[in-house]
Amino acid sequence: MRFSVWMAALLLACGSMLNGGEIITSKVDRLNVRAGQSTSSAVVGKLGDGEKVTALRANDQWVEIEPAAAYIARSLLKDGKTAARCNLRSGPGTNFPALGRCEAAVAVKILDDGKGEWVKIAPPPGIAGYVARSMVSGDLSKLPKLDGSPAVATVKNDDKKPEAPKNPPAAGPAKIEELPFDDLPVVSGSGREVTVTGDFLPIKNTGGIKFALAVVKDGKYQLQYLIHVGKSGKKFDALAEKKVRIVGVSYRVDGWDASVLKPFKITPIETR
């Protein structure tokens, strides 16, 4: 079965198998295919009205479906196998979201070798997308139970990832893409330059995220951004609990509600 347009999230390692398989049909046009079992999960594709796909597992709200194809950088293929642990993508380029991770030495079936830097392949077992159960028709009673909400697994520094500059760029969407985080699954193409103000609050250290920017509403803090300062967190300790202005680039992180902000400049705001 084929998607009109599709992307999907990796549930398990590429060597694992998913059981089940029932043909289902989309009851609406442009049915969202999502990366996880939530309406807040990224929309990674669409199904047309009447389009048929293979369902793998299901629960009361979501159906796990089988995608049709994935793309891998040609440099990461050797003799029909993955040359290294790598990301599989929804389209032929790093601007397309990663569908998930594939281990090294996994044999793949080539669907379209093409002539460019990317090769279209059949998705190895373990890659799937999610659609709302109420939006499809078909017999789902015999499918295995779908549990949990698995996260997308991706790989750092695969398929020609650009090297981060020593100094952050002052502006410009082209340079924003040169600021990937090595420790976070950033959504490709989501970077945008922002200038924001709020209270600079220390939080429990999670990798390079050591602060949060929040505003007070109805007497309570509301989270605006998570601030990624890398290993230089201590130099910002003097600003903790103060109102600040931050100029930087915000990024969406797959599976997170809050965006992550990479600051160029943080300055305190004097209050009277």
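**Stop one: a strand pair**

Select Phe211 and look across to strand 18, where Ile227 stands opposite. Strands here are DSSP E runs of at least two residues, numbered from the N terminus. This is a predicted model, so local features need pLDDT of at least 70, side-chain atom pairs count only at pLDDT 80 or more, and totals for chains, interfaces and linings use all residues. Residues are numbered from 1 along each chain as its sequence is written, and side-chain values use heavy atoms, with hydrogens and water left out.

Now show residues 209–217 (strand 17) and 220–228 (strand 18): they pair antiparallel over 8 bridges. Two strands count as paired if DSSP finds at least two bridges between them. In their hairpin, with 2 residues between the strands, click Asp218, which has a positive phi near 55°.

**Stop two: the cores**

Select Ile72, Leu88 and Ile121: of the 16 residues in the largest nonpolar core, these touch the most other members. Such a core is a set of buried Ala, Val, Leu, Ile, Met, Phe, Trp, Tyr and Cys residues joined through side-chain atoms within 4.5 Å; buried means under 20% relative accessible area (1.4 Å probe, protein chains only). Strand 7 gives this core its largest share, 4 residues. A second, separate core has 15 residues, including Leu31 and Val33.

Notes:
Buried means under 20% relative accessible area, exposed over 50%, partly exposed in between (1.4 Å probe, protein chains only).
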